[in-house]
Amino acid sequence: MTFALGAAPAVATPPIEDFSPVAAVQPTVNLSQSLDTTPDPIAGEAIDSLLELDPRSDVPHHFDVTATIALAESEVGTSRPTGWSQPGECIMSAQRWIRAGGGNWVGGGDPVSNYNTATRMTLAAAAPGDIIQYENISSPTSWVTGVHTVLITAVHTDGTFSIVESNNPGGSGLVSKNDSWTPAPPAGFQAVVWRF
C-alpha cells in the first residue's frame, strides 16, 4: 500500500530542472562590495543623546504664538476627519495651528523626525506655543497607540497647563480645550516638549 501526502500522485516522477547551463549574459566587470568602517561621530549614541534637551526657557519661538493660539482656540468644539494624515488627527491639527502663526513645521514621517525644525525643551521650560508629544520610550520613532500631541496655550503657577488638543477621544477628530492639564502619558511613554 502506498500513501501520498501532497498534490502529486505517489507514482508521479518529480520534474527535473537543470540550472547548470551558463547564463546567456555574463557580467563584464567583477563586482565587489565593501563596508565603510569610517567612524561616525554619533554612531552608537543613544537616541536621547541625539535629542539633547535645551533647559533654557529663553529659546525664542520663531512664529507668531498669539496667531497660533487664536486659530487653535477658534476650532474648539469642531470636529474633522481622522485617519492617516487627516486634519482631525492630533499632530495634523497641531501642525495647522503652528503653521497659521508662520511656524516652520516641515518635518514628517515619524514622531521624532516631525520635529526636525524644533528645539526639544524641558517640561519646566515649557511655554505657550510649545507642543507636547507623548513619545514611546522604547521606540520613539514609531506611531504606536498612545502617541498624542497637544498645544500649550498657557502655563499656570500651580504647574498645570492650558492646552488645546484634537482627536481626544481617539477617532473623534474633536478639538477641545483643557485649562487644568498635566501631562499623564500612558505607561511606557514620556511627555516631550518641542518649540518651533
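Predicted model: local features only at pLDDT ≥ 70, side-chain atom pairs only at ≥ 80, totals over all residues.
Residues are numbered from 1 along each chain as its sequence is written, and side-chain values use heavy atoms, with hydrogens and water left out.

Me: What pattern does the chain follow, read along the sequence?
Reply: Helices (H or I, at least four residues) and strands (E, at least two) are DSSP runs, numbered from the N terminus. The chain has three helices and six strands. Read along the sequence, these elements give the pattern α-α-α-β-β-β-β-β-β.

Me: Which residues of helix H3 are buried?
Reply: Buried means under 20% relative accessible area, whereas exposed means over 50% and partly exposed lies in between, with a 1.4 Å probe and protein chains only. Of the 196 residues of the chain, 34% count as buried. Helix H3 covers residues 90-100, and its buried residues are Cys90, Ile91, Ser93, Ala94, Gln95, Trp97 and Ile98.

Me: Why is S2 largely enclosed by the rest of the structure?
Reply: Ile131, Gln133 and Glu135 point one way from S2, while Ile132, Tyr134 and Asn136 point the other way, and all are buried. S2 is therefore largely enclosed by the rest of the structure, because the buried residues in it number six of the six.

Me: Which residue in S6 stands opposite Ile131?
Reply: Two strands pair if DSSP finds at least two bridges between them. S2 pairs with S3 in the antiparallel sense over four bridges, and there Tyr134 stands opposite His148. With strand S6 (residues 189-195), S2 also pairs in the antiparallel sense, over six bridges. In that strand, the residue opposite Ile131 is Trp194.

Me: How many charged residues are in the lining of the largest pocket?
Reply: On a 1 Å grid over the protein atoms alone, a pocket is an open set of points where a 1.4 Å probe fits, with protein on both sides within 12 Å along at least five of seven lines, and its lining residues have an atom within 4 Å of a point. The largest pocket is lined by 17 residues, of which Trp84, Glu89, Cys90, Ile91 and Trp143 lie nearest its centre. Asp, Glu, Lys and Arg count as charged, Ala, Val, Leu, Ile, Met, Phe, Trp, Tyr, Cys and Pro as nonpolar, and the others, Gly among them, as polar. By class, the lining has seven nonpolar and nine polar residues, and the number of charged residues is one.
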